[in-house]
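Dear colleague,

I am passing on the structure we spoke about, with the sequence alongside it.

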Amino acid sequence: MRHIAIVGVGVTALAAATATYLFVHRSPSPQVHWALVDRYCTGCHNEKLKTGGLALDSLDLAHVSDRAEVWERVARKLRGGLMPPANRPRPDAASQDRFVTFIER
């Protein structure tokens, strides 16, 4: 009987830890991420300007895998601190990290 109680406590602790992890690390919806892209990226990377040969305004964050090569490039530039350029506004580090993690997954 004692072993069952210990296992029960362990399972409960694991479930609580998993729920906490998912709450803290869950990624916002594609629409939330799109707001970041729209605010910090599409001013230059749009169908009209295509700065760097890149237009993000026509891409769909709900289907990142459809254009994985483009989003991988975006992730590398963001992780490397190359984008947005130093003279342009940048998202806060936590928001940028959540976005990059979202597109990497």
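This is a predicted model: local features need pLDDT of at least 70, side-chain atom pairs count only at pLDDT 80 or more; totals for chains, interfaces and linings use all residues.

Confidence first. The mean pLDDT of the chain is 84, with 74% of the residues reaching 70 or more. Among the elements, helix H1, which covers residues 2–25, has the lowest mean pLDDT, at 50, whereas H3 has the highest, at 97. Over residues 17–24 the pLDDT falls below 50, and this stretch makes 2 contacts in the model beyond its near neighbours in sequence.

As to the chain as a whole, 25% of its 105 residues count as buried. When contacts between residues at least 6 apart in sequence are considered, 44% of them join residues that are at least 24 apart.

The largest pocket has a volume of about 340 Å³, and its lining is made up of 20 residues, with Cys-41, His-45, Met-83, Pro-84 and Pro-85 lying nearest the centre. Two elements give two or more residues each to this lining, namely helix H2 (30–40) and helix H3 (68–79), and of the elements it is H3 that gives the most, with 4 residues. Sorted by class, the lining of the largest pocket holds 11 nonpolar, 5 polar and 4 charged residues.

The salt bridges come last, and there are 4 of them by the rule applied. One joins the side chains of Arg-79 and Glu-104, at 3.0 Å from N to O. Because Arg-79 lies in helix H3 and Glu-104 in helix H4 (residues 93–104), this pair ties together parts of the chain that are 25 residues apart in sequence. Arg-79 is partly exposed, at 43% relative accessibility, and Glu-104 is also partly exposed, with a relative accessible area of 48%. The pair belongs to a network of salt bridges that links Arg-79, Asp-97 and Glu-104.

A further salt bridge is formed by the side chains of Glu-69 and Arg-67, at 3.2 Å from N to O. Why does Glu-69 count as partly exposed? Its relative accessibility is 48%, and the class runs between under 20%, which is buried, and over 50%, which is exposed. Arg-67, with a relative accessible area of 38%, is partly exposed as well.

The side chains of Lys-50 and Glu-47 likewise meet in a salt bridge, here at 3.6 Å from N to O. Lys-50 has a relative accessibility of 41% and therefore counts as partly exposed, and Glu-47, at 40%, counts as partly exposed too.

With best regards

How values were computed. Residues are numbered from 1 along each chain as its sequence is written. Side-chain values use heavy atoms; hydrogens and water are left out. On a 1 Å grid over the protein atoms alone, a cavity is a set of points where a 1.4 Å probe fits but cannot get out, and a pocket is an open set with protein on both sides within 12 Å along at least five of seven lines; lining residues have an atom within 4 Å of a point. Grid points are joined across faces, edges and corners, and a volume is the space filled by probe spheres set on the points. Ala, Val, Leu, Ile, Met, Phe, Trp, Tyr, Cys and Pro count as nonpolar, Asp, Glu, Lys and Arg as charged, and the others, Gly among them, as polar. pLDDT is the predictor's confidence in each residue, from 0 to 100. Contact means heavy atoms within 4.5 Å. Buried means under 20% relative accessible area, exposed over 50%, partly exposed in between (1.4 Å probe, protein chains only).
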